[in-house]
Amino acid sequence: MSSHDLRSHGRRRFLEAGGAGLALALAGCAAMPSAATRSRVVVIGGGYGGATAARYIRMLDPSVEVTMIEPNTEFISCPMSNLVLGGFSTIAAISTPYTALTQRHGVRWVRDSATAIDLEKKEVRVSRGETFGYDRLIVSPGIDFMWDALPAMRAEEAQNYVLHAWKAGAQTFGLRRQLESMPDGGVFVLSIPEAPYRCPPGPYERACQVAAFFKAHKPRSKVLVLDANGDVTSKGPLFKKAWAELYPGLIEYRPNTKAIDVDWRLKTVKLEFGDQKGDVLNVLPPMKAGSIAAPFITANNRWCNVDWITYESTAVKGVHVLGDSLQIAPAMPKSATMANAHGKTCAAAVVALLKGEAPNPAPTLINTCYSMVSDKMAVHVASVHKYDEKDKTMKAVPGAGGVSAAMNEQEAQYTWNWAKNIWADTLG
Ligand SMILES: Cc1cc2nc3c(=O)[nH]c(=O)nc-3n(C[C@H](O)[C@H](O)[C@H](O)COP(=O)(O)OP(=O)(O)OC[C@H]3O[C@@H](n4cnc5c(N)ncnc54)[C@H](O)[C@@H]3O)c2cc1C
């Protein structure tokens with residue numbers, strides 16, 4: 001069933017039930033299993049949002065059967081993955097097995113990809129054909145790429161050559177290899193799409209990490225940042241200070257420079273105005289919700305709207321969406337800290353809903369986002385997001401949070417502490 005079929009199918013089902021009010025009531029009844037049966041939650045995606053939700057549901061109510069569908073053999077963190085490009089960390093150091101989640105917390109892990117969701121039968125099908133029934137479904141597949149925005153990049157050979165490394169793992173490793181093979185005096189071109197995209201400060205941190213590598217090993221080389229946005233989208237003054245003080249002459253930043261295609265054979269990024277050649281191209285395509293979340297996309301053909309109290313999709317009852325797939329609330333970044341916080345809030349709401357209880361009516365979330373500007377120094381931005389009853393959205397609390405006063409080594413220690421804490425909080 002295509003995503004469009006799924007969408008219209010879901011709508012038809014609700015309409016057949018006799019209108020929105022009745023549909024809501026029926027969905028609510030279906031979510032409450034009889035005392036004799038265990039409630040079943042299926043989670044699609046074992047990243048920051050999904051794994052956190054799976055773990056917390058089991059901790060809050062061990063009677064709930066939680067099945068997590070995730071194809072990767074282990075969790076590999078995007079946060080800290082830019083350090084692998086800089087040569088200051090390894091894939092092994094940012095990877096965590098799923099064993100604590102399965103053995104300590106009793107999450108059932110299906111190592112496969114979800115390929116279809118039957119909203120009527122309340123079942124998820126995986127690629128090997130098996131199906132998993134649910135009372136509530138949690139969808140946290142992260143992002144997918146809008147290749148149509150860079151037409152030549154639709155070809156597999158182009159994608160194998162021009163890496164994004166915006167999902168940590170093989171691509172991170174591959175991009176590091178390309179940097180190692182690049183001649184001294186070469187140009188690393190980093191192309192950033194218009195916001196919103198996963199991790200607003202991530203590309204600027206990457207520019208620092210690659211420049212740190214060049215400074216130590218290929219000092220005649222250059223990082224060229226082509227940004228479709230009008231300015232650095234996060235921690236701008238801090239990044240610009242780091243570039244000027246730590247990497248003079250190594251990083252060139254060009255705002256309002258949007259990529260419209262790539263000629264991988266000619267190692268060229270095609271821009272709205274002119275072309276740019278490079279020795280290593282790192283093009284971040286525009287992004288949208290992970291493809292399995294397509295039936296729940298409600299904003300700009302890209303993102304999923306939810307009720308911020310329960311994370312229930314505004315398109316389909318009984319389905320909750322988390323993390324980067326969401327249409328973000330004002331000033332809320334697409335970050336691991338946020339996805340982890342979504343996971344916890346959603347887990348508590350799902351446990352309450354399964355018991356027929358009311359969820360917390362006023363959730364508050366905290367975001368902290370660190371960026372390593374070298375191997376030893378870091379900066380951060382923090383914010384607090386509170387549910388606004390009147391506008392039914394999350395709003396940043398004025399005066400709470402802010403950016404770090406300076407870049408320093410203490411911040412780098414906090415960065416690693418943050419990473420280890422969130423890996424433990426997500427995976428157990
Ligand atoms: C380079 C980089 C640096 C970053 N640094 C930071 C940082 O310092 N701090 C911070 O807070 N955030 C950072 N982020 C952002 C952070 O990684 C994301 O915001 C976060 O991973 C979002 O969590 P998620 O659960 O939505 O997606 P993910 O963590 O990507 O998890 C999605 C999971 O779903 C799985 N999946 C997808 N489709 C299916 C399917 N059909 N069936 C089953 N499973 C599926 C995937 O395999 C994946 O494991 C960074 C991102 C990048 C790229």
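Mentor: The model is predicted, so local features need pLDDT of at least 70 and side-chain atom pairs count only at pLDDT 80 or more, while totals for chains, interfaces and linings use all residues. Residues are numbered from 1 along each chain as its sequence is written, and side-chain values use heavy atoms, with hydrogens and water left out.

Trainee: Why is Y311 called buried?

Mentor: Buried means under 20% relative accessible area, exposed over 50%, and partly exposed in between, with a 1.4 Å probe and protein chains only. Y311 has 0% relative accessibility and therefore counts as buried. Its place is in the loop between β20 and β21 (319-321), where helices (H or I, at least four residues) and strands (E, at least two) are DSSP runs numbered from the N terminus.

Trainee: Is N300 buried or exposed?

Mentor: N300 has a relative accessible area of 63%, and therefore it is exposed. N300 also has a positive phi, of about 55 degrees, although it is not a glycine. It is found in the loop between β19 (297-299) and β20 (303-304).

Trainee: Why is A299 called buried?

Mentor: The relative accessible area of A299 is 8%, so A299 is buried. This residue belongs to strand β19. Its C-alpha atom is separated by 6.6 Å from that of Q327, 28 residues apart along the chain.

Trainee: What makes the pair S383 and H385 a polar contact?

Mentor: A polar contact is a pair of N or O atoms within 3.5 Å; within protein, one must be able to donate a hydrogen and the other to accept it, and residues adjacent in sequence count only if both atoms are side-chain atoms. The side chains of S383 and H385 make such a contact at 2.8 Å. S383 lies in strand β23, and at 15% relative accessibility it counts as buried.

Trainee: Which peptide bond is cis, and how do you know that?

Mentor: Most peptide bonds are trans. The bond that joins A195 and P196 is cis, with omega about 5 degrees. P196 lies in the loop between β11 (187-192) and α8 (202-217).

Trainee: Which element gives the most to the shell around the ligand?

Mentor: α10 gives the most, with three residues.

Trainee: What makes a residue nonpolar, polar or charged in the lining of the second largest pocket?

Mentor: Ala, Val, Leu, Ile, Met, Phe, Trp, Tyr, Cys and Pro count as nonpolar, Asp, Glu, Lys and Arg as charged, and the others, Gly among them, as polar. By these classes, the lining of the second largest pocket has 14 nonpolar, six polar and one charged residues. The shell around the ligand divides into 16 nonpolar, 12 polar and six charged residues.
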